[in-house]
Amino acid sequence: MKKLVVLTGAGISAESGIKTFRDSDGLWEGHNVTDVATPEGWQKNPELVLDFYNQRRRQLHEVKPNEGHLILAELEKDFEVHIITQNVDNLHEAAGSTNVLHLHGELFKVRSTKNHNHILNWQHDLLLGDKDANGHQLRPHIVWFGEAVPALEEAIAIAQQADIFVVVGTSLQVYPAAGLMQYAGTDVPVYYIDPKPATIPYLSNPLEVIAEIASTGMKILQAKLLALR
């Protein structure tokens, strides 16, 4: 089976009703990103940060995967599919995808403020006073701006093994995720699905742009990929 590596971003989840990372005014759900997605924001006002992610987590109980997610899961019948996602939702897993690497963390997990490897599954609200077994406050398992991306080395290794590389629903402006396709072999075809595709500099790979929303673009791509088997 050919190895299909897929980098996904907010655009694939937007069709399920999850808002994209930042609105046009630069705010995230009405908040300045530095207030809710940085270590400094956490130190300044942890209750605001917890409330912000509690609202995002509650929303995950109400949304469902869309056709873009479902097609990616279906492709596992014909390809060895590895999804590297910038998204913190669980919609890929809910659709049935079995190899999903979350670069920026997961809303349904929390971790200790003292030991970043102490991670717990968490489906409900997280409050001040919720602590790990050693008495340390728990925090959202989210990679905030200014923090290292622990999964990056694994993502690079996956990208290097790709036979086909697909990018779906990402602006390709958030690094280091945006640079992952540079690790694919130069002969590996790249498919880029986005209604407003960005320019991809320094890419020598064969590139096909599908300027559609994720669900429509994935239908087009599925037909193309099945012809390549």
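Trainee: How does the radius of gyration of the protein chain fit a compact globule?
Mentor: It agrees: a compact globule of 229 residues would have a radius of gyration near 17 Å, and the protein chain has 18 Å. That radius is taken over C-alpha atoms, and the globule rule is 2.2 Å times the number of residues to the power 0.38. Keep in mind that this is a predicted model, where local features need pLDDT of at least 70, side-chain atom pairs count only at pLDDT 80 or more, and totals for chains, interfaces and linings use all residues. Residues are numbered from 1 along each chain as its sequence is written, and side-chain values use heavy atoms, with hydrogens and water left out.

Trainee: How many helices and strands does the protein chain have?
Mentor: There are 8 helices and 11 strands. These are DSSP runs numbered from the N terminus: H or I with at least four residues for helices, E with at least two for strands.

Trainee: And which strands make up the parallel sheet?
Mentor: An open sheet of 6 strands, ordered β5-β4-β1-β9-β10-β11. Strands pair if DSSP finds at least two bridges between them. The edges are β5 and β11 (207–210), each pairing on one side only.

Trainee: Where does helix α8 pack?
Mentor: Helix α8 (residues 214–226) packs on that sheet, touching β1 (3–8), β9, β10 and β11, and its direction makes about 155° with that of β10. Contact here is heavy atoms within 4.5 Å; axes are lines fitted to C-alpha atoms, for helices over the stretch in contact, and angles run from 0 to 180 degrees between N-to-C directions. Within the sheet, β9 (residues 164–168) and β10 (residues 190–193) are joined by 4 bridges, with Val167 opposite Tyr192.

Trainee: What about the antiparallel one, what's its order?
Mentor: β7-β6-β8, an open sheet of 3 strands. β6 and β8 share 5 bridges, and Gly105 stands opposite Ile142 in β8.

Trainee: Switching to pockets: what volume does the second largest pocket have?
Mentor: About 320 Å³. On a 1 Å grid over the protein atoms alone, a pocket is an open set of points where a 1.4 Å probe fits, with protein on both sides within 12 Å along at least five of seven lines; lining residues have an atom within 4 Å of a point. Grid points are joined across faces, edges and corners, and the volume is the space filled by probe spheres set on them.

Trainee: Which residues lie nearest its centre?
Mentor: Arg111, His141, Val143, Pro150 and Ala151, out of 16 lining the second largest pocket.
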